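Reader: I would like to learn how to read a helix and a domain contact in a model like this one. Please take them in turn.

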Amino acid sequence: MQKPSVPQGTRDFAPAVVRKRQYIFNTLKTMFERYGFQPIETPAMENLETLMGKYGEEGDRLIFKILNNGLHEKKDKARNTLMEEWEKVTSRSYSSTAVTERALRYDLTIPFARFVVMNQNDIAFPFRRYQMQPVWRADKPQSSRYREFWQCDADIVGSNSLINEAELLHIYCGAFDQLKVPVAVKVNSRKMLAGLAELCGAPEKMMEITIALDKLDKIGWTGVEKELTERGIEETGRNTIHRIIQTTGTNAEKLVAFGEIMQASEIGKAGVEEIKKTLDYYAALGGNTEHQLKVDISLARGLNYYTGIIVEVVCTDPNGAVGSIGGGGRYDDLTGLFGLKGISGVGISFGVDRIYDVLQKLDLFPAHLDSGAKIFILNLGGENEIYGLSLLRKIREAGLNAEMYADAAKFDKQMKYANKRGFAYVIIPGDSEREQNKVSLKFFLTGQQQLVGIDECVNVLKIAEQNNMNA
RNA sequence: GAGGUGGUAGCUCAGCUUGGUUAGAGCAUCAGAUUGUGGUUCUGAGGGUCGAGGGUUCGAGCCCCUUUCGCCUCCCCA
């Protein structure tokens, strides 16, 4: 017998897990809808060229490529070329567009950009969309890192207003408040980082400086300084960077300090200004800008399409540490890659699988998640079967969830099944009950049992469920 | 790409250091105690190519080599 397994980095979800995941999806969906976002869905696979070159070198490597099924269909010379390329691919580390011309989606942002370009005539801009679908990365799995995982994205395209940024920050803070996860939403700006590079006299080295700076938490200033030196940043530049990361205080105080340091850089000043303005809008929408939001110049974010504000969410409870659980930012002209110029966008993403892990670690799932059917009818065979089914129908018509055991198995076995499934009510339609046109209704949690008529039974259940909902 | 650790019953694992009759436990399943009353008990039963291949040995789950798959860490990310 072959031992069954799922592919590396993927998981099955048992009923109880799906219920919990749905709790997260529903919370996010409600939030997105509240802010006026509309749902879309895109295919699991994209053309490889749609994805390549959008996520940086590392990202390209992690794209799951799909075998070209033409390998089995084409009959001409093209097939021979395919076979030759296939030989090369299978014999060594080699990638060929003849062999793979499609790939599994790596995130939801790039497919969304493609969607916008393709549907530009039908879309009313600014367009707010949300999307909740799985993505795939050919990464090596680790704890809280999967090869198949779900993202929930909200993006707005076709508007440059920083009100959009403020709204998305509200969605972040609001959603995690509802989920009761303590978070810090780090906010930075690519423009500030560009300004920093300018002040270092090395504007072309923005990405390198950013990558070094991103490690501040892990390797400290001495480590960062060493790395900056290795990357060719002069001492005056390093001192400027040191000065800026030493800035402490409230977000407002930090921004004042950043503004002073950035005096000599136009783009740096613009970065400071846009964060300031975003926070002003945020406050106008009713948020406390000093609560969860943390202006953090060391925040990097690898995706190279970001151009404006960038954000990242982490859980602040050390017991719930699983890396970042959300991220996003503004990308000017992302659709320009697909031929639609002048459309700016901004978006955020929720990492559902990691949020699940956090909720699980911190024990934050509600105690009473809907567990499905609560009413169970025993199958006592013979005429009782039909009797039971007619009752089942009436219960369902009353809008209640119910099921009946399909086999006339032993009484004991059916009761054990009911216990394991966690039904709240068990109905016993046996010979003696049927002869009186009644049933025994057992309250499974207390063990109490009563003999009731059919209609009464439905009513009792209806009232009990009503009370349960209100409680 | 680099390192660590593991694979034994359907599931979770013990056994390995020190090779030696028929490889164990808990949970789960099935049957019975109890023919129409679940959770707790008690009794019994079924279930194993010990990841795969090779080597050493009179003898290998255990020692050696090769290989494969999983988990974890670094890098990077959600």
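Author: This is a predicted model.

Reader: Which residues of α17 are buried?

Author: Buried means under 20% relative accessible area. In α17 that applies to I454, C457, V458, L461, A464 and E465. Because these residues cover an arc of only 130° around the axis, they sit on the same side of α17. D455, I463 and N470, on the other side of α17, are exposed.

Reader: What do the buried residues of α17 pack against?

Author: Their partners are the helix α14 (383–397) and the strands β12 (375–377), β14 (425–428), β15 (438–443) and β16 (449–453).

Reader: How is chain A divided into domains?

Author: Domain 1 is made of 15–43 + 107–361, domain 2 of 45–104, and domain 3 of 372–470. Between the C-alpha centres of domain 1 and domain 2 there are 32 Å. Their contact draws 16 residues from domain 1 and ten residues from domain 2.

Reader: How much area do domain 1 and domain 2 bury between them?

Author: About 1200 Å², with 65% of it on carbon and sulfur atoms. On the domain 1 side, I110, W136 and A138 lose the most area to domain 2, together 37% of what that side buries.

Reader: How many salt bridges are counted between domain 1 and domain 2?

Author: The count is one. R114 and E46 form a salt bridge, with their closest N and O atoms 2.7 Å apart.

Conventions:
Residues are numbered from 1 along each chain as its sequence is written. Chains are lettered from A and ligands numbered from 1 in the order in which they are written. This is a predicted model: local features need pLDDT of at least 70, side-chain atom pairs count only at pLDDT 80 or more; totals for chains, interfaces and linings use all residues. Side-chain values use heavy atoms; hydrogens and water are left out. Buried means under 20% relative accessible area, exposed over 50%, partly exposed in between (1.4 Å probe, protein chains only). Helices (H or I, at least four residues) and strands (E, at least two) are DSSP runs, numbered from the N terminus. The arc is that of the directions from the helix axis to the C-beta atoms. Contact means heavy atoms within 4.5 Å. Domain bounds come from an automatic or database domain assignment. Buried area is the accessible area (1.4 Å probe) that two parts lose on being put together, summed over both. A salt bridge is a side-chain nitrogen of Lys or Arg within 4 Å of a carboxyl oxygen of Asp or Glu.
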